[in-house]
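This briefing concerns nonpolar packing and aromatic pairing in the structure shown below.

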Amino acid sequence: MNSKTLTLIIIAAIILLLGGCGCNKYNGLVQGEQAVKQAWSNVETNYQRRTDLYNSVIKTIEGSANFEKSTLKEVIDARSKATSVNVDINDPQSLQKFQQAQGQLQGAFSRLMAVAEAYPNLKTTQAFQDFQAQIEGTENRINVARRDYNTAVNSYNLKVRTFPNNIFAAIFHFSEKPYYQADPGTEKAPDINFNIK
């Protein structure tokens, strides 16, 4: 075998090795990105479940005579805003808007539930009791889905940032994904006062 043939074989072997390595790294990045998308889809599914539960209890409350309509209107408006936000998991600002809208919906609904305590007839309806039982489980599912999303993002971001994956990520235009973050102010413990006399 002459040196020219040997050189061609070595170059071909290097190209095949780099090509195989590149395909493997690219496929790993695609799998990581799909895991992030699936995890985000699970977050949205659980928020949809909560919205559906909210819708059913809103209908129950609307059927109650003399209920405070302004509080109910706040929830309906917040629900409308929360369901109109489109999220791009590549855009941290859209994720933040989604989180804010969900937080506003949850806050408005908490106020509605506090007002509902003053209506004993409403609290005894089967639909309202069913809602109270289901919402706790749904909130737990949302927390698990958000945690799973952040786990998938962490795994993907590690693939994008570690060597030699970062070279292939840059070549194929893969970039880091944003984490689901806590609402601003939740890192501070709430001030609870019991005015028991």
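Leaving aside neighbours within four places in sequence, Tyr149 is in contact (heavy atoms within 4.5 Å) with Val36, Ala39, Trp40, Val43, Ile89, Leu95, Pro178, Tyr179 and Tyr180. This is a predicted model, in which local features need pLDDT of at least 70, side-chain atom pairs count only at pLDDT 80 or more, and totals for chains, interfaces and linings use all residues. Residues are numbered from 1 along each chain as its sequence is written, and side-chain values use heavy atoms, with hydrogens and water left out.

**Nonpolar cores**
- A nonpolar core is a set of buried Ala, Val, Leu, Ile, Met, Phe, Trp, Tyr and Cys residues joined through side-chain atoms within 4.5 Å; buried means under 20% relative accessible area, exposed over 50%, and partly exposed in between (1.4 Å probe, protein chains only).
- The largest core has 20 residues, and Val36, Trp40, Tyr149 and Tyr180 have the most contacts inside it.
- Two or more residues of this core come from each of helix H1 (3–62), helix H3 (92–116) and helix H5 (126–161), where helices are DSSP runs (H or I, at least four residues) numbered from the N terminus.
- H5 gives the largest share, 7 residues.

**Aromatic pairs**
- The structure holds 7 aromatic pairs, that is, rings of Phe, Tyr and Trp (its six-membered ring) with centres within 6.5 Å; planes under 30 degrees apart count as stacked, over 60 as edge-to-face and the rest as tilted.
- The rings of Tyr26 and Phe174 are edge-to-face because their centres are 5.7 Å apart and their planes are at 70°.
- Tyr26 is partly exposed, at 33% relative accessible area, whereas Phe174 is buried, at 11%.
- Trp40 and Tyr149 also form an edge-to-face pair, with 5.2 Å centre to centre and 65° between the planes.
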